[in-house]
Amino acid sequence: MAFVSGVSLGTSRFAGQAVAAKTARSTGTVMMAMSKSIPFLECPKNLNGSLPGDVGFDPLYLSDNINLNYARASELKHGRICMLAVLGIVVQEVIHLPGPYFSESNPIAAIYKIPVEGWFQIIAFICAVELATFKKNYDGSPPGNYEFDPLKLAKDSTTFKKYEENEIVHCRAAMVGWFGFFAQQLVTGQNVLEQLGNMKPLM
């Protein structure tokens with residue numbers, strides 16, 4: 001009888017623990033916030049909506065292991081470069097500076113026409129920008145904010161916040177757009193404007 005009672009007591013205790021654990025897991029699942037952009041995934045713990053444009057998109061959960069301000073500064077930098085690149089890819093098809101180095105309308109072929117001196121100038125300019133802005137990534141400044149507003153568009157905090165949201169949206173669109181321009185150039189061999197006037201299926 002003692003053996004049976006012991007087994008019964010142990011079984012009851014185990015069952016109670018299992019129910020408690022199941023309840024805790026269920027409660028945790030219910031309380032866990034889901035991502036706005038990917039509703040079937042849990043929202044990464046560090047993406048709390050404090051940054052402009054934060055919609056909880058991080059399916060690889062990289063934000064759990066890297067500094068968010070550094071990542072946002074990097075995102076803005078690449079996005080701004082891509083906004084310039086998207087504009088440059090289109091404009092250079094129809095407008096060229098004088099000289100043989102600027103006559104190529106194909107953006108990929110144009111890379112190979114840049115002389116060595118030109119590459120040194122490009123690299124020197126990039127290094128100068130990086131050196132001038134490097135400390136901003138670590139001194140607690142808002143990510144990507146270099147106080148560059150010559151037209152004084154951000155007149156107040158509300159307008160500034162709106163422009164922050166607009167910029168990150170356009171940065172992301174430009175990064176996708178630049179990749180699309182580059183890919184279609186490789187696949188079709190046609191420039192962007194040329195392809196718009198001569199749409200052909202790939203298959």
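**Entry 1: the start of H2.** I began where helix H2 begins, and found a side-chain oxygen of Asn67 within 2.9 Å of the backbone nitrogen of Asn69. A reminder to myself: this is a predicted model.

**Entry 2: the span of H2.** Next I checked the helix from end to end. H2 covers residues 68-91, and at 1.5 Å a residue its 24 residues should span 34 Å. I found its end C-alpha atoms 34 Å apart, so the two values agree.

**Entry 3: what H2 hides.** I looked up which residues of H2 are buried and listed Arg72, Ala73, Leu76, Gly79, Cys82 and Ile89. Then I asked what covers them; the cover includes helix H3 (107-111), helix H5 (157-188) and helix H6 (192-196).

**Entry 4: Arg72.** Setting aside residues up to four places away in sequence, I saw Arg72 touch Leu51, Pro52, Gly53, Pro143, Ile168 and Arg172. I also noted how Arg72 and Leu51 sit: 21 residues apart in sequence, and 8.4 Å apart in space from C-alpha to C-alpha.

**Entry 5: Asn191.** My last stop was the loop between H5 and H6, where Asn191 has its place. Is Asn191 buried or exposed? At 7% relative accessibility, Asn191 counts as buried. Its side chain makes a polar contact of 3.3 Å with the side chain of Gln185. Leaving out neighbours within four places in sequence, I wrote down the contacts of Asn191 as Glu93, Ser105, Asn106, Pro107, Gln184 and Gln185.

Conventions:
Residues numbered from 1 in each chain as written. Predicted model: local features only at pLDDT ≥ 70, side-chain atom pairs only at ≥ 80, totals over all residues. Heavy atoms only, no water. Helix = DSSP H or I, 4+ residues; strand = E, 2+ residues; numbered from the N terminus. Expected span 1.5 Å × (residues − 1). Buried < 20%, exposed > 50% of the residue type's maximum accessible area, 1.4 Å probe, protein only. Contact = heavy atoms within 4.5 Å. Polar contact = N/O pair within 3.5 Å; in protein donor to acceptor, adjacent residues only side chain to side chain.
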